[in-house]
Amino acid sequence: MCGIICYCGHKQVVPILIEGLKRLEYRGYDSAGFAVVDNKEAGAGPQSMNGGETNSPQLKNLRKKTRISPDSGKKNKIVKTQGRVGRLEKKKIGLEIDATFGIAHTRWATHGKPSEINAHPQGDCSGKIAVVHNGIIENYQELKKELQEKGHKFKSDTDTEVIPHLIEEYFDGDLEVAVLKAVERLHGTFGIAVIHADVEHQIIIVKRGSPIIIGVGKDEYYAASDSNALAPFTNRMIYLSDDEMAVLNTSGYYIKNLRNELLEKQIEILDADEYRVDKKGFEHYMLKEIFEQPESVKNAFRGRLIENEGVSKLGGLEPVIDRLKNIKKLIIVSCGTSYYAGLLGRYIFENLTELDVETALASEFRYRRLKLDENVAVLAISQSGETADTLAAVKEAKRKGALLLGIVNSVGTGIAQITDAGVYNHAGPEIGVASTKIYTSQLVIQTLIALMIGRYQHISFIEGSEIINAITKLPEQIEEILANSKEIEEIALKYSRYRDFLYIGRLYNYPTAMEGALKLKEISYIHAEGYPAGEMKHGPISLIDEDFPTVAIAPDDLALDKMISNMQEIKARNGKILSITNVTAHKVLDISDDVIYVPGTLPILQPILNIVPLQLFAYYIANERGCDIDKPRNLAKSVTVE
Ligand code: M6R
């Protein structure tokens, strides 16, 4: 939620900031802006005074702490716009900025509506301090009042604006000290980047709760809220942890904790291929990502199956394997699509293991009086690895001593850092706000974890081998569905003018119904309710008439006959039915107005195939309605606020 990109080096900064913002725009896109110090600005320029040079071996080239005389006469140049980065790019044309360091931001509004004034960077009274911020400052109202009483003038409705004013209040020539003092006063979560017009070539970054990554180039340094934004510039990254501060300048960087102690952090080398972001000729990222599923599903199980032992092997869980063998209860916590993956995960783990399994919405988890101890494992599922609700749930579970596991796609992010052990999806970046390829990948990985645990329990070699065999066929079965996309598009167009939909499923496909409905509503803005089919008669059936179609997920499993009864109840009320099924028998065909066939697999894996046509169905309807599919209104890709 919100994106930050910063650069400090010898190149012109504005094109770098714009390029970074474009890559971050999926995180938030209601306004954007940047702040730089223009070399053409009148002013005496800063005077450096050497501070303590560090002796850390990590900090070879460096590092003079820059102190300055109080006023060089320079001010920041801040350029902002409401709306997309494209508008910002147009706005800077003709400004002829000559600057080699700066900070930039793309926003998803929390405090204050989307507008140019509320866009970041936010500044102080002097026009010298500029700040970009991800997260929320919970005590901003009291800080604002205090600062106003001291004479500070505020322009925006944002919580962020208190930060530059606080820094201004504490600034007496040493920006680092002022930032440290200001941060001490902040409650909430933040990833911030700060510049001061008199402190040339210095950017100060602080992280608490919201992710910030440092990119290390050759005599140039970057910071961004995710590695996707840095991928075109460098593959050398440092993941900051909470309560750490990085100071970047052209001769190097150093990292400290908030007690002002220097830290040594490892530089991680990213696999450039994993971070390659382009649409590869598809009209939208979402469509590209749907079509990437044969590959992302394969990546989820590649190298993780031991066929001759009928078992899976997950390197990321090896360090905790002995603890894992002894746990009695598993709680899966997640949000949105990842929650629906967890909902299905419950059925998968119940089926393949002897664990007592529960699925919990991360946003509700911390309100419960749960008994968590060393016999309980909490599995957090998150594409971004930075969803604030999921992170908060994991922290709660950590406090209570549970074993913390993660399934995360974005490498090195908060959830990946805090968990005891975990499994990466290795699905590459997912840019479309609607999650698609990660959902199917999350289902595969949960099956692998369940199989691994189950093989220590009651699952036999034969059963294990059957599951492995079925998993390895999934990529080509998904290809088969994708090859049918024209037909799915034609069906979608028939349904594109309805205003309401019901999605129903039972057993393993109750989560499929929930996820299918979420896909439709989030990108097409059509009202869609996902429901367990058996619950329909307890209320929602009152909605059904000829203008309220139902999508019925009705594969060949233990629940099929009951599903057919529910579908008949809909038909009896003139409801239209679109079925997703692997059943060619007339019992499904006869009560369906339209049918999308999918290949058959084991019932626990069938949802991995069933969701693919539902993703396409939602996509084609949204496209037909002219919706902004990759950036649906009011949404953002990573939700870093609670
Ligand atoms: O990054 P996460 O998997 O933790 O994100 C969770 C949800 O915010 C996310 O799945 C959201 O619901 C998607 N927009 C669904 O398509």
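## Close-up views: the cysteines

**With 22% relative accessibility, C335 counts as partly exposed.** Keep in mind that what you see is a predicted model. How far is the sulfur of C335 from the closest cysteine sulfur? The gap to the sulfur of C2 is 17 Å, too far for a bond, since a disulfide needs two cysteine sulfur atoms within 2.5 Å. Search the whole structure and you get 0 disulfides.

**C6 is another cysteine that is in no disulfide.** Here the nearest cysteine sulfur belongs to C8, and it sits 9.7 Å away. Is C6 buried or exposed? It's buried, with a relative accessible area of 0%.

## Two helices side by side

**Helix α15 (residues 461-482) meets helix α20 (residues 606-624).** Their axes come within 10 Å and cross at roughly 30°. Angles under 35 degrees count as roughly parallel, so that's the word for how α15 and α20 run relative to each other. As for handedness, α15 passes α20 in a right-handed crossing. Which residues make the contact? On the α15 side, look for L474, Q477, I478, I481 and L482. From α20 come I608, L609, V612, P613 and L616. Sort the residues of this contact by class and you get 9 nonpolar, 1 polar and no charged ones.

**H120 and P121 are joined by a cis peptide bond.** What is the omega angle here? It comes out at about 0°. To find P121, go to the loop between β4 (101-107) and β5 (122-123).

**D243 has a positive phi even though it isn't a glycine.** The phi value is about 60°. Where does D243 sit? You'll find D243 in the loop that links β11 (236-239) with β12 (244-249). Its relative accessible area is 31%, so D243 goes down as partly exposed.

**L507 isn't a glycine, yet its phi is positive.** This time the phi angle is about 55°. L507 lies in the loop running between strand β23 (500-505) and helix α17 (510-524). How accessible is L507? Its relative accessibility is 27%, so L507 counts as partly exposed.

Technical notes. Residues numbered from 1 in each chain as written. Predicted model: local features only at pLDDT ≥ 70, side-chain atom pairs only at ≥ 80, totals over all residues. Heavy atoms only, no water. Axes fitted to C-alpha atoms, helices over the stretch in contact; angles between N-to-C directions. Helix = DSSP H or I, 4+ residues; strand = E, 2+ residues; numbered from the N terminus. Parallel < 35°, antiparallel > 145°, perpendicular 65-115°, else oblique. Left-handed = near helix turned anticlockwise from the far one by under 90°. Contact = heavy atoms within 4.5 Å. Nonpolar A, V, L, I, M, F, W, Y, C, P; charged D, E, K, R; others polar. Buried < 20%, exposed > 50% of the residue type's maximum accessible area, 1.4 Å probe, protein only.
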